[in-house]
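Subject: Handover of a structure

Hello,

I am passing this structure on to you, with notes on what was found in it. Please look through the sequence and the model before reading on.

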Amino acid sequence: MQPFSYHRPNSQGTAIATLNANSQAFAIAGGTDILDLMKNGVKSPDHLIDINDLPLTKIEETSVGLCIGALSRLSDVARHPVVEKNFPAIAQALLVTASPQIRNMATIGGNLLQRSRCPYLRNASFACNRREPSSGCSAIVGVNRSHAILGASEHCICVHPSDLAVALVALDAKLRLAGQDGERSLALEDFYFLPGETPECENALQKGELIVGIDIPYSPWAANSHYLKVGDRAAFAFALVSVAASLQMENGIVRAARIVFGGVAAKPWRTRAAEAAIEGKFLETSTLRSAADAAVQGAKPRIGNAFKVEMMQRVLTRALVELGGAA
Amino acid sequence: MSLNVGQPIDRVDGFLKVTGAARYAAEFAHQGLAHSVLLQSTISKGKIVSINTEQAKRAPGVIAVITHLNAPKLNKAPQAELGGPDGSAAQNWVPLQSEMVYYDGQHIGVVVADTLEQANYAASLVKVTYKEEQPDIGIKTSPLFTPQNLARKPATYSRGDTEKGLKRAAVHIDQRYSTAVDHHSPIEPHATIAAWDGDHLTIYEPTQWLVGVQMALAAMLGIPEANIRVVSPFIGGGFGCKVFVWPHSALAAVAAKRVGRPVRLVLTRRQMFTSVGYRPESSHRLTLGADQEGKLLAIVHEATVKTDVFPEDDVGVAPVTQATPMMYACENVTTVHHLARANVGPSVIMRGPSESPNLFALECALDELAYALDIDPIELRLRNYTEINPERGIPWTSKHLRECYQIGAEKFGWSKRPSEPGAMRDGRYLVGWGMASSVYPAPRKPASARAQVFADGSALLQCASHDLGTGAYTIFTQIAADALGLPLVKVRVELGDSNFPVGPVTGLSMTSGSVGPAFQAAGEAARQKIVALALDDPESPLYGIDVENIAVDDGRMFSVAEPQKGETYTAILSRHKIYKVEAVADVGPGEETKQYAMNSFGAQFAEVRVDPALGLVRVSRFVGVYDGGRILNPKTARSQMLGGIIGGIGMALSERTVYDPNNGRIVNGTLWNYLLPVCADVGNIEAYFVNEPDLHTNPLGVKGVGEVCLVGVAPAIANAIYHATGKRIRELPITPDKLILTGEVTAVCKTTISQPKPLPAKEKTMNAKTEKTLPPDLESYRDSYAKLFGGVPPLPAARFDFAADVDPEFLRKAEVLRAHVFYSNVFDQKTIQLMCFGILLAQGVPAAAEHAKAARKLGASWQELWFMCELGTVIAGGLGPVNQGGGILDKLRKEEEGQEKRLG
């Protein structure tokens, strides 16, 4: 680990100013990811800005939805009654995230900013374009069982590890980002970048910006949402494949749908083709099948992760059955 | 009198542990302690071209940076050999002696600084450049050879005539199984504090073998064993990785010497994956033949284990075929054991070494046979039950495996099991029940203990033995209390210091049976001394009574006939002004080891719930029943059983260390990526004991249960998964992807009766179409050609086809010779192939082309190959070799380019 200086500002303004003033400054909240990255030489900030004193821990109901402060702990959000009742996919995603101890430390904002769990990214002695541009991608020719089958490029095939982000995209969540020039709002779906030619550009967070909150709108489909995850062990494992599905049902017919996959791409992978395949239809077996087929269109599996194509289809089918489809 | 042994006593060290007062090796405070960090290689094969330490040396707090350029000479220490008495080093190679790199994570330096953070930072400033070579990696692609001996026994075993047995068999099972690389991953990482006082060295480290550390470090450092003291009072889990001595311990001593201060060295979690061994990958081919009644007529077990590049380390490899000849009554058994030499770190024993991979293959194959015959799996095992060890032709000291089956079946409810796969459901889950046998040797080693009884009526007993967390402190206290006739609270047992009387390694399930009798004998000897004192003392109420008539309870000696006659230890010792009475006992095995075979046994029963759509498996229920002789403490023993079963669940379902296929480096050396079972993976576990004392094994009647609880768990789970789903997964771990991609094979079973199963699909070879079935050992030899050349070349293929019928024995002998030469340790594989190419080219033999191809696969450059053509030309004295060679190489290059295009 490199030496660094530690700051603990008590206002949002100071925090943002400190982040802006230092080229290698990085924010720390729960610390469950950044400390690991620092210990392993993956991230070496000169300045660590501890934002835990900022007043960003509130979970508030508004007339249009729920606003979750970025410093809310995963465990608090998972058990919040409004979340449990109106946004079940969020509670479900959080309860299959990490372990109880980590959920007590990790924050909502930090969860969305955690870096990929590509083992090559997290071991500084391997080549990784995302960590060190133009050094090469070890995963493409290496061990890629956990890697992307959608939206990848020849420069990077890693996947985004957050369960929460997948559920939030399915619920049309928006981020509140605060920087030197004030606050802006951005749909979470548009926040993450696919790797393309520049895998080192992971998301739309600008220099000196902080995630300060997440707005989740009430919608006719939010309460009928479900998150399902398949991992290599029963808890405390990153998703091989996961899905968040959110359906507005009317007399057995799907009026609106959101279908978003985790574990298959560098961002939560919303598949509008699968949504279209079920919208306006009864959730019959044939509909489920066509949704599953649509979901994997364009998938490019590698040697180690071909199973994910089949797994995506099975996970989606199961999630839709949970939300009222025909078994 | 036996008051405590056999009782479920709470752990005597429990309070220390839960309050944090138990001090582990890295926690010992030292004045002026310096901190060190290991530097490790980031390639698997090659050499260090340069190692720049200038910046690191200038970093704050740095005291020393030690690399191969400035390290002192370290000697090789005798290698630990399973079944052998000699060495204790876990690997023969010693670090920092040259620029060569043989595996990923090899130690290449040590940075010492005032604080850990300073040492870490400085370590990040060391710049290393390498000349990297293509490593040998895969078990299927690395050079294969058949060693003479493994674990002090011939690596190849045969009795009867398996060929005849297979011919007579009505039903055959012929399948391949494989187990993954698993890492022990104890929660406490290895840590060493080395402190010199003149030429005396004190080592604090968690070890399962104090004396072993003395032996190995004395050899490596070139100092007398007597100058080394090893302290290891508590161990935060070992499972085998702390059994033998790893070179980092010597590096801590070297660093301490260099800086003239005590030095602490703690491995990081990633370094735990590269530095302290693992259960090696194994692949098996199991061929069973049985008659219609299920009587085994032949067992052929051929296995390969991946090992490192140091031939001296081969003796430390735990063989994975040794249980096959002794498990079942079968007249015709052959086992063949190969090793594959690869650029990996050394393996080491891991809980249930040998038997756990061995029985995965054997017990799954038995299950397949049970389905093929439509016989209940327990019934099939009973029909092949043996009371005599069929390998050695001698009886066991005791064998209660039959009772294990019976008790297990009853507790589990086995009689309600429908035999058909897929017949039980619970909602969306398929439910399956599977079982497997378990076995583990019950060895005994010499041990000594000292007992001291003090005038205040308390006692202290000591042995240089160890408590891995298993409860050794507790059971030894129980044994000593009973031997001395003292209550538990008056007895203190100390372990974990090499200054105590010598104890054996704590591993291979032998501590209770080896050290327990030493504490018993020492306690009894001390008691006899005090009793004798009383019987000789005219002032004692016991004066003149026959020693046979004396008993001791609660520290009071009394006449059995007249219990009111007696006095306490305290009374007699005070009267004689004796501060303490001391006795030392040395005990060990005798002739019984030649007369009897000694094993613990077990029966494992698993219930799984499988979500068939998502491929998710949960072990919802597990019942294990064990014959470990007399159970000294059912509470600590049960805990140990639960831990072993959970270890088996991990082996079956999630644990697997993954190596990069290109550079051979470990990819998932972290606990978020190497998946040990978590609470949610573990259902309800029940553990039972037959609890029949085995007094032939040792005077306590205990056989040891540390490993037998893990062996057999993985096959029981795999068999349960088959029963649930009809899917037979023969490759561990059984992960969701394997389950969703494997087709159901439910219907196949009964049709195979009296019809040998077709051979499994093999790797594509050049003559795949005409390839004929060979006996397993010959088949693997033929495979070795495919691995080397990318296919079996036509000439050897024809040789196999023809000679296999006419004179298979010649083939075997020829292949042993060929293996001896081709996989020699004198030259590397690439050089051997280059030389073959050159020699055949000079002779004008067309097969030169095959060796050119093999050399390319092994990393030869075009320059190297062309140089052989030039050499051939000079030696042959004409342009033939360069002409022919040029043709061969040009064709080969075009082929390779064509392949790249197709792949691209």
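Which residues does Ser509(B) touch, not counting residues up to four places away in sequence? They are Tyr440(B), Pro441(B), Lys703(B), Gly704(B), Val705(B), Gly706(B) and Glu707(B), where contact means heavy atoms within 4.5 Å. Ser509(B) sits in the loop that runs between strand S25 (491–494) and helix H13 (511–535) of chain B. Helices (H or I, at least four residues) and strands (E, at least two) are DSSP runs, numbered from the N terminus. Ser509(B) counts as buried, because its relative accessibility is 13% (buried means under 20% relative accessible area, exposed over 50%, partly exposed in between, with a 1.4 Å probe and protein chains only).

Some conventions come next. The model is predicted, so local features need pLDDT of at least 70 and side-chain atom pairs count only at pLDDT 80 or more, while totals for chains, interfaces and linings use all residues. Residues are numbered from 1 along each chain as its sequence is written, chains are lettered from A and ligands numbered from 1 in the order in which they are written, and side-chain values use heavy atoms, with hydrogens and water left out.

Helix H13 of chain B

Ala518(B) is a residue of helix H13 of chain B. Ala518(B) is buried, as its relative accessibility is 0%. Leaving aside residues up to four places away in sequence, Ala518(B) touches Ala447(B), Ser448(B), Ala449(B), Ala585(B) and Val587(B). Between the C-alpha atoms of Ala518(B) and Gln462(B) there are 9.9 Å, and the two residues are 56 residues apart along the chain.

Two packed helices are described by the angle between their axes and the distance between the axes. Helix H12 (residues 472–484) of chain B packs with H13(B) at an angle of about 30°, and their axes are 8 Å apart. Axes are lines fitted to C-alpha atoms, for helices over the stretch in contact, and angles run from 0 to 180 degrees between N-to-C directions. H12(B) and H13(B) are therefore roughly parallel to each other (angles under 35 degrees count as roughly parallel, over 145 as roughly antiparallel, 65 to 115 as roughly perpendicular and the rest as oblique). The crossing of H12(B) and H13(B) is right-handed. A crossing is right-handed if the near helix is turned clockwise from the far one by less than a right angle, and left-handed if anticlockwise. Residues of H12(B) in this contact include Ile475(B), Phe476(B) and Ile479(B), and those of H13(B) include Val515(B), Phe519(B) and Arg527(B).

Another helix pair in chain B

Helix H23 (residues 829–843) and helix H24 (residues 848–857) of chain B pack at about 160°, with their axes 8 Å apart. H23(B) is therefore roughly antiparallel to H24(B). H23(B) and H24(B) cross in a left-handed way. Among the residues that make the contact are Leu834(B), Phe837(B) and Leu841(B) of H23(B), and His851(B) and Ala852(B) of H24(B).

Loops of chain B

Thr321(B) is in the loop between strand S17 (296–307) and helix H8 (324–327) of chain B. Thr321(B) is buried at 5% relative accessibility. Its contacts, residues up to four places away in sequence not counted, are His301(B), Ala303(B), Thr335(B), Val336(B), His337(B) and Asn358(B).

Lys727(B) belongs to the loop between helix H17 (713–725) and helix H18 (736–741) of chain B. Lys727(B) is buried, with 10% relative accessibility. Pro733(B) also lies in the loop between H17 and H18 of chain B. The peptide bond from Leu732(B) to Pro733(B) is cis, and its omega is near -5°.

Ala151(B) has a phi near 50°, a positive value in a residue other than glycine. Ala151(B) is placed in the loop between strand S8 (149–150) and strand S9 (153–154) of chain B. Ser185(B), not a glycine either, has a positive phi of about 50°, and lies in the loop between strand S11 (171–179) and strand S12 (191–197) of chain B.

Chain A and the cysteines

Which residues of helix H1 (residues 12–21) of chain A are buried? They are Ala15(A), Ile16(A), Thr18(A) and Leu19(A). These residues are on the same side of H1(A), because they cover an arc of only 160° around the axis (the arc is that of the directions from the helix axis to the C-beta atoms). Strand S1 (5–7) and strand S2 (25–28) of chain A are among what covers them.

With a disulfide taken as a pair of cysteine sulfur atoms within 2.5 Å, the count over all chains is 0. Cys67(A) is buried at 6% relative accessible area, and Cys463(B) is buried at 0%.

Regards
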